[in-house]
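Below is a walk through one protein chain, from its overall build to single side chains. Please look at the sequence and the model before reading on.

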Amino acid sequence: MLNEIKESILVACRQYVDQRIVNARQAIASANEAAIGDGKSSAGDKFETTREMMQQEIARNQQLWMDALRMEQVLAALDARSHKGTAKLGSLVATNHGTFFLAISIGQLIVGDANYWVVSTASPIGQQLVGREAGQEFTFNGVTYAIGHVT
């Protein structure tokens, strides 16, 4: 059962990353087209300003694309098989304040009819979870979390 939940969360994570890649590629293409189109119909300072704005937009979207590709690599390397012991990348950690999947930074994700928090191991809450095991507690932002199980 828990392996099926983890696999469903992982599928949703992959869909999220795939969509980010598509969106970034489309935005880069649109900015390129806008820069080319404006160059044909503009002159002087307006052309230079528009071209610079489009270059900034392209650079921003290239960064988003690279971030999504890094997320894709993390997901590809992730071992989502069930394991006992301490929380690590690929773990599903149930606490008294929600269930966390240690993978990439997405935030809240609804799979089926349940809410999960998909967090990176580098995020502040992810750093608190890594290395913990069932029965342990930790405090984060003034809230005490009790770990029920790690899968």
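How many helices and how many strands are there in the chain? There are three helices and six strands. The model is a predicted one. Read from the N terminus, the elements follow the order α-α-β-β-β-β-α-β-β.

The overall dimensions come next. Along its principal axes, the C-alpha trace spans about 70 × 35 × 25 Å. The radius of gyration of the chain is 21 Å, whereas a compact globule of 151 residues would have one near 15 Å. The accessible surface amounts to about 8,700 Å², and carbon and sulfur atoms account for 51% of that. Of the 151 residues, 36% count as buried. Contacts can also be sorted by separation in sequence: among those between residues at least 6 apart, 56% join residues at least 24 apart.

N61 lies in helix α2, which covers residues 44-77. Is N61 buried or exposed? N61 counts as buried because its relative accessibility is 3%, and the cut-off for buried is under 20%. Leaving aside residues up to four places away in sequence, N61 touches A24, A27 and I28.

Another of them joins the side chains of R14 and E7, at 3.9 Å from N to O. R14 counts as partly exposed because its relative accessibility is 34%, and E7 counts as partly exposed at 39%. A further salt bridge links R81 with D79, where the closest N and O atoms are 2.9 Å apart. Here R81 is exposed, with a relative accessible area of 60%, while D79 is partly exposed at 32%.

Finally, the charges can be taken over the whole chain. There are 13 positive and 15 negative charges, and their mean positions lie 4 Å apart.

Definitions and conventions. Residues numbered from 1 in each chain as written. Predicted model: local features only at pLDDT ≥ 70, side-chain atom pairs only at ≥ 80, totals over all residues. Heavy atoms only, no water. Helix = DSSP H or I, 4+ residues; strand = E, 2+ residues; numbered from the N terminus. Buried < 20%, exposed > 50% of the residue type's maximum accessible area, 1.4 Å probe, protein only. Contact = heavy atoms within 4.5 Å. Rg over C-alpha atoms; globule rule 2.2 N^0.38 Å. Areas by Shrake-Rupley, 256 points an atom, 1.4 Å probe, with all protein chains shown as cover. Lys, Arg positive; Asp, Glu negative; His and termini not counted. Charge placed at Lys NZ, Arg CZ, Asp CG, Glu CD. Salt bridge = Lys/Arg side-chain N within 4 Å of Asp/Glu carboxyl O.
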